[in-house]
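Hi,

Here is the structure we talked about. Please look it over, then read my notes below.

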Amino acid sequence: MANGFGLYVHWPFCQAKCPYCDFNSHVTAQIDQARWLAAYESEIARVRDDSGPRVLNSIFFGGGTPSLMEGDTVAGIIAAARAAWSPANDIEITLEANPTSVEAARFRAYADAGVNRVSIGVQSLRDDHLKALGRLHSADEARRAVETAEKHFPRVSFDLIYGRQHQALADWKEELTEALQMAAGHLSLYHLTIEPDTAFGDRHARGRLPGLPDEDLSADMFDLTQDMTGAAGLPMYEISNHSTPGAESIHNLIYWRSGDWAGVGPGAHGRLTLGGERNATECHMAPSAWLKAVESNRDGTSLRRVLAHEDARIEAVMMGLRLAEGVPASLLTNVSKINELEDLRLLESDDTTVRVTPRGRPLLNAVLRDLL
Amino acid sequence: MTDLAHIRNFSIVAHIDHGKSTLADRLIQMTGTVAERDMKEQMLDAMDIERERGITIKANTVRIEYPAKDGQTYILNLIDTPGHVDFAYEVSRSMQAVEGSLLVVDASQGVEAQTLANVYQAIDADHEIVPVLNKIDLPAADVDRVAEQIEDVIGIDATDAVQISAKTGIGIPNVLEAIVTRLPTPKGDRDAPLKAMLVDSWYDPYLGVVVMIRVIDGVIRKGDQIKMMQTGAKYGVDKLSVLKPQMVDIKELGPGEIGILTASIKQVRDTRVGDTITHDKKPCARALPGFKPAQPVVFCGLFPVDNAEFEDLREAISKLALNDASFSSEMETSAALGFGFRCGFLGLLHLEVIRDRIEREYDIDLITTAPSVIYHIYMRDGTMLELHNPADMPDLTHVDHLEEPRIKATILVPDEYLGDVLKLCQDRRGIQADLTYAGSRAMVVYDLPLNEVVFDFYDRLKSVTKGYASFDYQMTGYRADNLVKMSILVNDEPVDALSMMVHRDRAEARGRAMVEKLKDLIPRHMFKIPIQAAIGGKVIARETLSALRKDVTAKCYGGDATRKKKLLEKQKAGKKKMRQFGKVEIPQEAFINALKMDG
């Protein structure tokens with residue numbers, strides 16, 4: 001496939017649920033890792049039957065908290081994937097990790113298992129903010145975890161959340177300056193989003209989440225983020241992702257370029273192009289339901305459908321315009337709307353490509369509503 | 001047919017929540033009129049909207065057979081009346097159709113605003129009034145104080161007030177006895193030519209037009225050829241019934257009786273509340289006094305948000321018009337809104353009820369334009385035009401002067417809110433005509449321009465008096481004033497649906513309020529939007545809606561695609577509820593909300 005093929009592995013467990021997180025994560029005391037490994041292996045073999053032979057460009061362990069996986073579990077999954085498909089020479093194998101000291105201690109084992117990139121959930125470099133975000137690590141632990149990771153993995157990225165409660169523009173500037181000094185080629189910088197059905201969403205709805213930025217401050221923070229990362233040589237390549245040229249996440253680019261990926265694990269989504277049709281898959285959300293489905297039916301999927309051509313196009317535009325590189329012009333047909341948005345200097349296009357301008361990026365949702 | 005001595009006709013006067021519906025339910029239940037298993041709460045409120053808003057907009061009736069303590073059986077006819085100033089005329093007709101009223105007062109609350117407004121209607125109709133103190137089982141009930149209040153404030157003897165709890169059923173037999181012993185028997189001459197009042201009418205999907213009548217003189221029978229004296233229309237009576245409250249056919253109705261008839265009448269429009277029904281061949285000499293034709297006083301445009309729904313809207317409006325003689329409509333085109341209807345209503349509540357019914361029962365999203373009254377435009381050539389829609393304002397060079405409709409407003413308000421009420425009336429260009437006291441209540445009479453009242457005057461009045469004021473009005477005529485058309489421009493494009501007639505002296509203030517409101521009601525766009533109010537070419541108020549600065553999803557990976565796409569589709573569906581004016585999208589609610597004034 002032109003835009004690559006990757007494997008997404010969802011590990012649904014966390015030590016504690018973060019108040020802002022709306023991902024499929026669960027807190028459980030006991031996890032039978034061998035049993036889970038067997039289930040993932042079974043799923044990889046099953047998806048292989050669907051996908052046929054492919055060159056595997058990436059594996060991504062997401063969660064949940066994949067850094068709660070044992071090294072052997074990770075190694076087993078990687079081995080199964082390598083056996084199922086033909087790994088590319090530059091295959092990227094990323095694992096999301098939390099920066100507690102316990103988890104950092106597993107980094108060597110992950111590296112031995114074949115992981116060559118970690119993405120660390122630092123979230124903040126301020127202890128009081130980490131507490132407010134419900135994180136279990138300190139800022140110092142985070143700094144040490146990034147250092148440790150840099151010893152074990154050729155590629156390291158970490159995440160920060162800004163637009164937090166009681167965070168001034170100057171606070172973010174100071175924190176981002178520190179982060180850029182620590183950064184090793186890749187950073188994910190997310191504006192805090194209050195999602196429904198989360199602890200934050202609940203508190204926000206009841207007016208108990210004071211000190212969040214207004215639209216102007218949010219926009220200033222976003223703009224500052226673009227300016228500072230650009231100046232530091234890590235310009236944005238996607239709305240919330242910044243890297244030195246060439247250090248972009250291969251796996252995540254597959255999503256944004258509408259490549260193919262297999263998704264295994266509870267709640268994992270996948271997209272496979274088969275016979276010219278784009279197939280969307282979703283796995284059972286609840287860990288126990290997924291495990292049971294895999295073990296008894298040898299199939300963890302709960303939903304499988306062929307995307308209508310128009311739906312696939314909308315998805316490709318929605319994902320692709322997040323990228324600085326833009327989308328093929330052939331995906332967009334509404335010429336008058338494009339012209340209108342170009343007049344507002346929110347879009348730019350040439351014969352082959354349509355891109356969102358730096359000015360249009362903070363307004364991407366509005367641009368998409370207009371365009372699609 | 002029942003002889004006059006065994007008939008009692010009554011209505012129930014009460015403030016909202018004082019237990020009118022519960023008492024009616026209890027009377028129906030305790031006399032076995034409805035079998036226990038068929039009983040449901042608030043038997044008499046038919047429509048969802050009525051139940052929700054706690055108002056009644058059509059009259060309803062129930063016939064109760066009551067074996068009294070004197071060993072004889074009486075027919076008690078209850079007419080439930082509409083309870084809003086928009087329907088004041090309908091209420092007055094219902095009141096004329098009965099001889100007495102039960103005045104229900106919550107013994108824990110006392111007399112309230114609405115009680116007063118309605119009880120004066122009953123007094124106007126020469127009713128015998130039986131005070132009923134409800135909720136005497138509540139710990140907060142103070143029977144003596146409330147009885148005293150009824151005497152002081154309303155001026156009727158409350159020594160024999162019936163004490164009840166409609167909820168528990170305490171005292172209900174005493175209410176029934178009081179109706180028989182204290183309310184007068186109806187008068188009428190069985191041998192005189194037929195004279196009956198058309199109390200109300202409505203459209204029934206199975207029966208067609210149903211007419212509620214009160215027979216004054218003579219006898220009406222199934223098969224009779226009848227004539228409506230106001231319209232001159234003649235019909236054969238197909239069906240004659242009484243409501244118990246389910247329909248029970250009856251052979252004839254004589255003097256004092258209340259019932260319903262159907263007569264192959266095609267539209268409710270063909271019936272007029274307050275009209276006199278008589279026999280075609282042997283008519284009565286004179287029609288009943290007090291008839292007034294239904295006259296819409298408030299006009300506004302109703303447009304479908306989605307132009308494709310115009311035909312659906314046409315159908316909805318014509319169906320609703322079948323059941324509502326006071327609602328008028330004609331097709332209208334707007335440069336900005338496309339095809340729609342200019343509709344006339346009795347008042348704002350009437351407007352809102354119709355609009356809600358179209359949106360709810362026919363599932364059509366509507367844009368409601370600025371409500372307006374009928375202005376008289378005197379042209380230089382001596383002709384006079386009626387202006388129903390500010391958009392039709394002719395070229396000013398041909399206009400000599402404008403006149404606007406005025407009303408006489410009567411407001412009853414407790415002392416403590418008088419200042420606020422006077423201020424409200426002054427703010428609405430009112431001229432005080434009278435101010436008197438009845439007990440601790442002031443009665444204020446104001447001469448007001450109707451256009452200052454139609455929109456939100458009643459809402460404002462309720463809000464500044466915490467619901468304690470009652471309000472009634474009558475049209476008094478037209479008077480010249482300095483009136484101008486104010487236009488609203490959004491992003492330099494005039495939005496005709498928002499243009500309105502205003503008094504020149506108040507134009508700046510109204511214009512400022514409008515543009516400020518619109519600034520909050522229009523969502524930010526990707527560019528900044530000037531919002532202006534103008535008279536002719538002159539801008540009198542201006543605001544700028546700044547451009548949207550940030551709306552972007554922070555995280556969007558493979559697993560998010562499906563969900564984010566759904567969100568995008570939902571937002572796009574939300575956009576469909578907006579109307580495009582040039583490059584600007586204005587939400588549906590903005591049209592009506594922009595007009596609501598805060599002061």
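A:Glu315 and B:Lys565 form a salt bridge, with their closest N and O atoms 3.5 Å apart. Please keep in mind that this is a predicted model. The count of salt bridges between chain B and chain A is eight.

**The interface of the two chains**

On the chain B side, 25 residues are in contact with 47 residues of chain A. The area buried between the two chains is about 3,400 Å². Carbon and sulfur atoms give 55% of that area.

A:Arg271 sits in strand β10 of chain A, residues 269-274. Is A:Arg271 buried or exposed? Its relative accessibility is 0%, so A:Arg271 counts as buried. The side chain of A:Arg271 makes a polar contact of 3.0 Å with the side chain of B:Thr562. Leaving aside neighbours within four places in sequence, A:Arg271 is in contact with B:Ala561 as well as B:Thr562. Its contacts within chain A include A:Gly259, A:Asp260, A:Trp261, A:Leu307 and A:Glu315. A:Glu315 is the residue that forms the salt bridge with B:Lys565.

A:Arg278 is another residue in contact with A:Arg271. A:Arg278 belongs to strand β11 of chain A, residues 277-283. With a relative accessible area of 12%, under the 20% cut-off, A:Arg278 is buried. Which side chains make polar contacts with the side chain of A:Arg278? One is that of A:Asp260, at 3.2 Å. Another is that of A:Thr273, at 3.3 Å. Beyond four places in sequence, A:Arg278 also contacts A:Ser258, A:Arg305, A:Val306 and A:Ala312, among others. A:Glu315 is on that list as well.

**The two domains of chain A**

Chain A is divided into domain 1 (5-255) and domain 2 (319-372). Their centres, taken over C-alpha atoms, are 28 Å apart. Nine residues of domain 1 are in contact with seven residues of domain 2. Together the two domains of chain A bury about 760 Å² between them. Of this, 67% is on carbon and sulfur atoms. A:Met236, A:Glu238 and A:Ile239 supply 51% of the area that domain 1 buries against domain 2, more than any other three residues.

How many salt bridges does the rule find across the interface of domain 1 and domain 2 of chain A? It finds one. The side chains of A:Glu238 and A:Arg322 meet in a salt bridge, 2.6 Å from N to O. Three residue pairs are in polar contact between the two domains of chain A, both residues at pLDDT 80 or more. On the side of domain 1 that touches domain 2, α9 (215-231), β7 (236-238) and α10 (250-256) of chain A each supply at least two residues. The largest share of that side is three residues, and it comes from β7(A).

**B:His18**

Now for chain B on its own. B:His18 lies in the loop between β1 (7-14) and α1 (20-30) of chain B. At 2% relative accessibility, B:His18 counts as buried. B:His18 and B:Asp106 are 88 residues apart along the chain, yet 5.0 Å separates their C-alpha atoms. Not counting residues up to four places away in sequence, B:His18 touches B:Val104, B:Val105, B:Asp106, B:Gln109, B:Gly110, B:Glu112, B:Asn134 and B:Lys135.

**Helix α8 of chain B**

Helix α8 of chain B covers residues 348-361, 14 residues in total. From first C-alpha to last, α8(B) reaches 19 Å, close to the 20 Å expected at 1.5 Å a residue. Why is α8(B) described as largely enclosed by the rest of the structure? Because 10 of its 14 residues are buried. After α8(B) comes B:Asp363, whose phi is positive, near 55 degrees.

Best wishes

Terms used
Residues numbered from 1 in each chain as written. Chains lettered and ligands numbered in written order. Predicted model: local features only at pLDDT ≥ 70, side-chain atom pairs only at ≥ 80, totals over all residues. Heavy atoms only, no water. Helix = DSSP H or I, 4+ residues; strand = E, 2+ residues; numbered from the N terminus. Expected span 1.5 Å × (residues − 1). Buried < 20%, exposed > 50% of the residue type's maximum accessible area, 1.4 Å probe, protein only. Domains from an automatic or database assignment. Contact = heavy atoms within 4.5 Å. Buried area = accessible area lost by both parts, 1.4 Å probe. Salt bridge = Lys/Arg side-chain N within 4 Å of Asp/Glu carboxyl O. Polar contact = N/O pair within 3.5 Å; in protein donor to acceptor, adjacent residues only side chain to side chain.
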